[in-house]
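Work through the following exercises with the sequence and the structure at hand, and try each task before reading its solution.

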Amino acid sequence: MSSRAVKKLLKESGYDDLAETAAMVEKKAGAAKNDENSEEEEEETEGKQQKKQNMFDLLMGDDGGHEESSSEEEESAASNETPRTPEAESEKETAGGRGRGAARGAGKRKGGKKAAAAAAAAPGGGKGKSGQQRGRNKGRRVAADVDELEMSELQKHLDELRATEEEEEDTEASGRGSKMSADDETASSAEQHKRTRELLAADVKNLDAEAEIRRMFGSAAAAAANDSNGRIGRRRVPRHLMPKRLTLTRPKLTWPPLQHAPGVSVEAIDEAKTDAATRRMMQADETGGRWFAVEHSERFRAVQVEFLEAVVRNDADAIAAIVYHHPYHVDALLQLSEIIKQTGGEFGEAAALVERALYAFEQGFAPQFNIAAGTARLDFRRIESRGLFLAVFRHMQFLARRGCWRTAFEVNKLLLSLAPKRDPYGALLTLDFHAMKAAQYEYVVRFADQWEWAPVSMMPGWGFSRALAAFMLEKQQKQKQQPRQVPQRQSTDLLVDAILTFPTAVPVLWAKANIDLDTRIVGHPYFEEPTAALAGAGDSAMTHMQLLVQLFVERSAALYRVPEVIRWLQEGLRLALARIDAIDAAGGDTAFVERKQRVQSAMCSYVVPESVSRHVLVADMEALKAGLPDRIRSATESYAFDPLPPPDNIDPYSGFVGGMMMQQNVAMPGAFFANADAGAEGEADADLLQRLLGFVRRHLGDAELGDPGTSDDDGGEEEGYEEEDHEDH
């Protein structure tokens, strides 16, 4: 098989690269052949010249005996060597080259030529041109035989190679598809985690309530709002002696000294060592956070047992005594704060106790637990961890009471970040309100568009807040004479969508905001809740949607009492009514009707989520507690330090306390549902309250706190100093 045929076969089989390689080999073989011919011609020329030179030397009489003897020795040595005949060379090439492919035929022929030339050059071994020609002819015949034998084998190898390459290409294509799918999924997950982190991360600089008060009202107001922060008696304390501020709290000099660790620590959960249920919870989390849990020390557990016994006995004096002897016991501080607040005490005292509990928690934060980063997750099932949730929620409430809206907004994000999907305290139900009060309008629009872990599109508060945020952004941009950039849709369109999606919120919001309601709304079937959802319910019970509407309106009604906002609301309602009236018209849009029906089928039910029920319990809205389901109102294990434990509760103290909590019939001060038949017991509770408040003022170091911002004292602040008007203890 000739080299040209080999190359043609390779090209027809699709192996152009092998054909090119064979051509290169043949080209190199031809170049080597030319080099050999040149060398042979040079040797022949040199031999002739040498011969002529020797004859000339003989004629000149030079001594040529040495050259002659040397030539004779070389000829003798050459005659003693075994001659390399063309047959032997061909047999060697055939034995060594079988199975190496047709592309080496040129090399075999070149070897045959070399052997023939060597045989011709040896003394007595060649027969001139005729011997050399015979050697070449026989070498070619042997190579041809080999090529014919290898033709079928070469074709077989080419077929196998083609099949192998096709299989590899299929495998590679499948691998590329799987890899691209995995890479796309990883990139999508990373982008999702980034969006979640950006929405939940709190600005540490805006977690300081004193700094916010100072920005709004000046240094004197800040000193009056926190007059116990740096003064002892009437003496001035250098600023460098003030306690260092932590992420959430600034410890006060009047607080009891922290003589040892509070006994609560926040540690990372080791997935390899934890139980199977916790491992499943961590693996199912798609928010991209790191999981932690609060742990109690042995000393704290011993005190916790005493505290639980006091709770079971309804002994508020014993709880106050625990706080006195253990001033940083977090559960006792939270319980006592709620008792003071619900029994007519001063909110400043209750707020200070919550802040002290947060300070105790912060002392035990692990280095990797960055609570403001938006990636720290806390296991709510554990009773030890639930105290931190409650402390953060209570702290947010007291910040809102002080008017520190930006700080409350940042703390609200922080609370949601601890459990974004479960949201055990309903942080989503207050986040839009705090963002609006803090003038974070862009955040409201962005959150409503990007939040993926809860259906905010089914929450009336977020529907109306998103529209109002877009309206405020349009107003700001009009004042700055800037083009509309942030809202993707006009605020009026968003308002119409909110009205059409949550029609039952319209009469309630209009009434609370003192807006004249269109007479067509009264009795209109579109603005009534489905009667089927209300059938068989008690007078006080509320559906899930009714609770959400009431929570939204109670908080946010003041935002809609501005004259320009009222005009905007009336315009949106007029447009919504026009779309409702056009339903029966030809070509009328009915998509909003389907959206309303989907929302009502999901929300107009008496199955109220646990997080919403817990939120109502701690939201300080007494009128809404009667609207909770019976199982929530009749719960006997819900106390101020641990409201409404979850069904998957993990409580290491339950075995010790047993069923003692279930045996109590009298609600202690601070319980969520007071005993209706209190009678004389109510007077006893009032006496208990007076004794308790006196105890707190004498021993807890937070006397005369009062409501923030109401003090007439100008603070007498000078640069580098702050004052304290409490007496020395």
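**Exercise 1.** Identify the residues through which helix α14 and helix α15 touch in this predicted model, and then describe how the two helices are arranged.

*Solution.* Begin with the contact itself: from α14 come Phe389, Val392, Phe393, His395, Met396, Leu399 and Ala400, and these meet Trp405, Thr407, Ala408, Val411, Asn412, Leu414 and Leu415 of α15. Helix α14 covers residues 383–401 and helix α15 covers residues 405–417, and their axes come within 8 Å and cross at roughly 160°. Since angles over 145 degrees count as roughly antiparallel, α14 and α15 are therefore roughly antiparallel to each other. Finally, the handedness of the crossing of α14 and α15 is left-handed.

**Exercise 2.** Decide whether helix α16 and helix α22 are roughly parallel or roughly antiparallel to each other, and list the residues that make their contact.

*Solution.* Start from the angle: α16 (residues 428–437) and α22 (residues 544–556) pack at about 25°, and their axes are 10 Å apart. Angles under 35 degrees count as roughly parallel, and α16 and α22 are therefore roughly parallel to each other. The crossing of these two helices, α16 and α22, is right-handed. As for the residues, α16 contributes Leu429, Thr430 and Phe433, while α22 contributes Leu548, Leu551, Arg555 and Ser556.

**Exercise 3.** Classify the aromatic pair formed by Phe307 and Phe641, and find where in the chain each partner lies.

*Solution.* The structure holds 19 aromatic pairs, and the pair of Phe307 and Phe641 has ring centres 5.0 Å apart with the planes at 80°. Planes over 60 degrees apart count as edge-to-face, so the pair of Phe307 and Phe641 is edge-to-face. To place the partners, note that Phe307 belongs to helix α10 (residues 298–312), whereas Phe641 sits in the loop between α27 (630–633) and α28 (654–657). The two residues are 334 residues apart, and the pair thus links distant parts of the chain.

**Exercise 4.** State the mean pLDDT of the protein chain, and name a stretch where the pLDDT is below 50.

*Solution.* The mean pLDDT of the protein chain is 76, and 59% of its residues reach 70 or more. Over residues 48–129, however, the pLDDT is below 50, and this stretch has 50 contacts in the model beyond near neighbours in sequence.

Key: Residues are numbered from 1 along each chain as its sequence is written. This is a predicted model: local features need pLDDT of at least 70, side-chain atom pairs count only at pLDDT 80 or more; totals for chains, interfaces and linings use all residues. Side-chain values use heavy atoms; hydrogens and water are left out. pLDDT is the predictor's confidence in each residue, from 0 to 100. Contact means heavy atoms within 4.5 Å. Axes are lines fitted to C-alpha atoms, for helices over the stretch in contact, and angles run from 0 to 180 degrees between N-to-C directions. Helices (H or I, at least four residues) and strands (E, at least two) are DSSP runs, numbered from the N terminus. Angles under 35 degrees count as roughly parallel, over 145 as roughly antiparallel, 65 to 115 as roughly perpendicular and the rest as oblique. A crossing is left-handed if the near helix is turned anticlockwise from the far one by less than a right angle, and right-handed if clockwise. Rings of Phe, Tyr and Trp (its six-membered ring) pair if their centres lie within 6.5 Å; planes under 30 degrees apart count as stacked, over 60 as edge-to-face and the rest as tilted.
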